Amino acid sequence: YKVEIATHKKGVDNVVARRKGRAKGPVIAFNAHVDTVGVGERANWKTDPFKAVVKGGHVYGLGAGNCKGSMAVQLWLAEQIARRGGPARGELIFTFVADEENLGPEGMEYLRKSGKVRPDALILGAQTENNLIVAERGVMWAKVTTRGRAAHAGNPGAGDNAILRMMRLMTALQSYYDKALRTRTAGAMKSTVNIGMFHGGHNTNVVPSACTVEIDRRLLPNEKVKDAF
């Protein structure tokens, strides 16, 4: 394979390995992402998240399923194809990208926009229990901020608590979503929402003047980001 490290943003490195066939044909790309989300609450881990621990036929560790397992399969596949002389025609590309969990502007999106990878077909590694999935949900991240008025905690009535404002807003929003998204399905795919991040206040004895939440909305293929927003 001809291998290169494609980097658009320092610290975000993407591996691209390609092998051409002897005759003209389609360009097929395999993809898996190497980045993971954070460890989260360390106390919730029963094993070291930074080690691959095998127990009962399962591998435990940060990103074992998403997406290290798929990477291992694709590396094995690349090796098997190479041992058989490579593709007979067309071009085969393996891409391991480092910016998927952050919606991917420096990963596969960069590889495509830069022209480094323009496949006729793209095969993504993911946790599908070996089910073939030919359509995927979109994703929208939204940030909501409420503003209040700061005051000393000894006299909270003099202020306007932005966290309490946000709690009322999110309760109303979740109530709306519980009804609105109930019937938005397409086969096994569901339209969903998750309030994933909640930030507010800077000191315990001060009424918070600002609060921000970050929301994840998964969109069915027929939903548009503008409409969801």
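**Entry 1: the model**

I am working with a predicted model.

**Entry 2: aromatic pairs**

I searched the whole structure for aromatic pairs and got three. Tyr1 sits in the segment before strand E1 (2-9) and Phe94 in strand E6 (residues 89-97), so the pair ties together parts that are 93 residues apart in sequence.

Next I took up Phe30 and Phe94. Their ring centres are 5.2 Å apart and their planes are at 15°, so I noted the pair as stacked. Phe30 belongs to strand E3 (residues 23-33) and Phe94 to strand E6, so this pair joins parts that are 64 residues apart in sequence.

I then asked myself which residues make up the aromatic cluster here. Tyr1, Phe30 and Phe94 form one cluster.

**Entry 3: burial of the cluster**

Tyr1 is partly exposed, at 34%.

I also checked what lies over the face of Tyr1. Arg19 does, at 6.0 Å from the ring centre.

**Entry 4: salt bridges**

Side chains of opposite charge can pair when their charged atoms come close. A search of the whole structure gave me seven salt bridges. I looked up some of them.

Lys116 and Glu4 meet through their side chains in a salt bridge, at 3.6 Å from N to O. I placed Lys116 in the loop between helix H2 (108-113) and strand E7 (121-124), and Glu4 in strand E1. The two are 112 residues apart, and the pair links distant parts of the chain. Lys116 has a relative accessible area of 28%, which makes this residue partly exposed. Glu4 is partly exposed as well, with 31%.

Arg165 forms a salt bridge with Asp160, and the closest N and O atoms are 2.8 Å apart. I recorded Arg165 as partly exposed, with a relative accessible area of 36%.

**Entry 5: Glu223**

Where is Glu223 placed? I found this residue in the loop between strand E14 (210-219) and helix H4 (225-228). Is Glu223 buried or exposed? Its relative accessibility is 17%, and buried means under 20%, so Glu223 counts as buried.

Glu223 forms a salt bridge with Arg184, the closest N and O atoms being 2.8 Å apart. Arg184 lies in the loop between helix H3 (162-180) and strand E10 (185-186), and Glu223 in the loop between E14 and H4, so the bridge ties together parts that are 39 residues apart in sequence. The side chains of Glu223 and Arg184 are also joined by a polar contact of 2.8 Å. Arg184 is partly exposed, at 29% relative accessibility.

Conventions
Residues are numbered from 1 along each chain as its sequence is written. This is a predicted model: local features need pLDDT of at least 70, side-chain atom pairs count only at pLDDT 80 or more; totals for chains, interfaces and linings use all residues. Side-chain values use heavy atoms; hydrogens and water are left out. Rings of Phe, Tyr and Trp (its six-membered ring) pair if their centres lie within 6.5 Å; planes under 30 degrees apart count as stacked, over 60 as edge-to-face and the rest as tilted. Helices (H or I, at least four residues) and strands (E, at least two) are DSSP runs, numbered from the N terminus. Buried means under 20% relative accessible area, exposed over 50%, partly exposed in between (1.4 Å probe, protein chains only). A charge sits over a ring if NZ of Lys or CZ of Arg is within 6 Å of the ring centre and within 35 degrees of the ring normal. A polar contact is a pair of N or O atoms within 3.5 Å; within protein, one must be able to donate a hydrogen and the other to accept it, and residues adjacent in sequence count only if both atoms are side-chain atoms. A salt bridge is a side-chain nitrogen of Lys or Arg within 4 Å of a carboxyl oxygen of Asp or Glu.
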